[in-house]
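Have a look at the model first, then read on.

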Amino acid sequence: MQTSIVCAAVLAFAATAASAEQLDIMNSGGYTAAYLALKPRYEAASGDTLVTAWGPSMGKAPEAIPNRLARGEPADVVIMVGYALDQLIAQGKVDPASRTELADSRIGMVVRAGHALPDISTVEAFKAALLGAGSIAYSDSASGVYIERELLKKLDIEAAVKPKAHMVQKTPVAMQVAEGRYELGFQQVSEILPVRGATFVARIPEPLQSVTRFAAGIPVQARHPEAARRLLRFLAGPQARDAVAASGLDPLPNN
């Protein structure tokens with residue numbers, strides 16, 4: 001979409017805003033790059049200010065979005081893995097009517113810049129790469145949970161790979177790989193691409209893929225629910241598609 005068309009759409013959308021607000025946003029890693037591209041557009045068009053807290057969609061880290069909400073941290077919008085958002089809805093912490101689907105995310109492999117790129121074009125090649133690696137890392141969010149609990153078992157290599165596999169908390173996996181801590185890393189593609197010193201190899205083979213749907217919602221304790229709804233319409237609208245695709249996420253057909 002041409003820049004002029006995008007700007008016109010954003011300005012037309014923003015005309016419905018009654019007044020500028022400061023919105024507290026909690027955002028998880030996979031949607032970070034898209035969010036950072038869209039944030040200044042939205043702020044310029046709406047006059048609202050987005051104050052952002054970062055953290056995974058799940059896990060034990062104190063920064064995890066469910067743990068932030070449990071501590072009473074303010075949030076007008078949470079952006080996270082869809083099934084983790086559904087858990088918050090089931091717990092009565094997020095308004096079910098506010099649930100808004102944003103994008104799909106796939107898992108990719110990363111190596112340190114300058115390192116030879118493994119062939120993972122087929123399931124068998126991917127399996128061989130895992131068996132041959134000296135160390136492997138994955139995140140404590142959706143992609144890593146899938147790898148640890150399902151993928152290794154599906155490939156029947158859990159016993160061989162588990163001793164050299166590590167779940168990384170807080171720090172992006174690609175950053176750990178870039179620093180030479182691990183030979184291979186796995187994370188959502190959108191979290192790999194922005195990291196300097198790391199090279200994105202490819203998405204893991206589609207038969208092994210776990211597609212994560214990112215979604216957003218409004219906590220029941222949100223201070224600015226109307227402004228939050230305007231933001232969700234923007235993030236799910238056609239004016240966001242270019243930033244979503246550029247970040248490594250897959251835009252949804254109806255957005």
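**Strands and helices**

Strand β5 (residues 107-112) and β9 run antiparallel and are joined by five bridges; strands here are DSSP E runs of at least two residues, helices are H or I runs of at least four, and both are numbered from the N terminus. Two strands count as paired if DSSP finds at least two bridges between them. Keep in mind that this is a predicted model, where local features need pLDDT of at least 70, side-chain atom pairs count only at pLDDT 80 or more, and totals for chains, interfaces and linings use all residues. Residues are numbered from 1 along each chain as its sequence is written, and side-chain values use heavy atoms, with hydrogens and water left out.

- V111 has T199 as its bridge partner in β9.
- The sheet is open, with mixed pairing and the order β7-β6-β8-β5-β9.
- Its edge strands, β7 (165-168) and β9 (198-203), each pair on one side only.

**Helices on the sheet**
- Helix α5 (residues 123-132) lies across β5, β6 (136-139) and β8 (184-188), at about 125° to β8; axes are lines fitted to C-alpha atoms, for helices over the stretch in contact (heavy atoms within 4.5 Å), and angles run from 0 to 180 degrees between N-to-C directions.
- Helix α6 (residues 142-154) packs on the sheet too, touching β5, β6, β7 and β8, and its direction makes about 130° with that of β6.

**Around β4**
- β4 pairs with strand β10 (residues 212-217) in the antiparallel sense over five bridges, and E101 stands opposite A215 in β10.
- β4 also runs antiparallel to strand β11 (residues 250-251), joined by two bridges, with A103 opposite P251.
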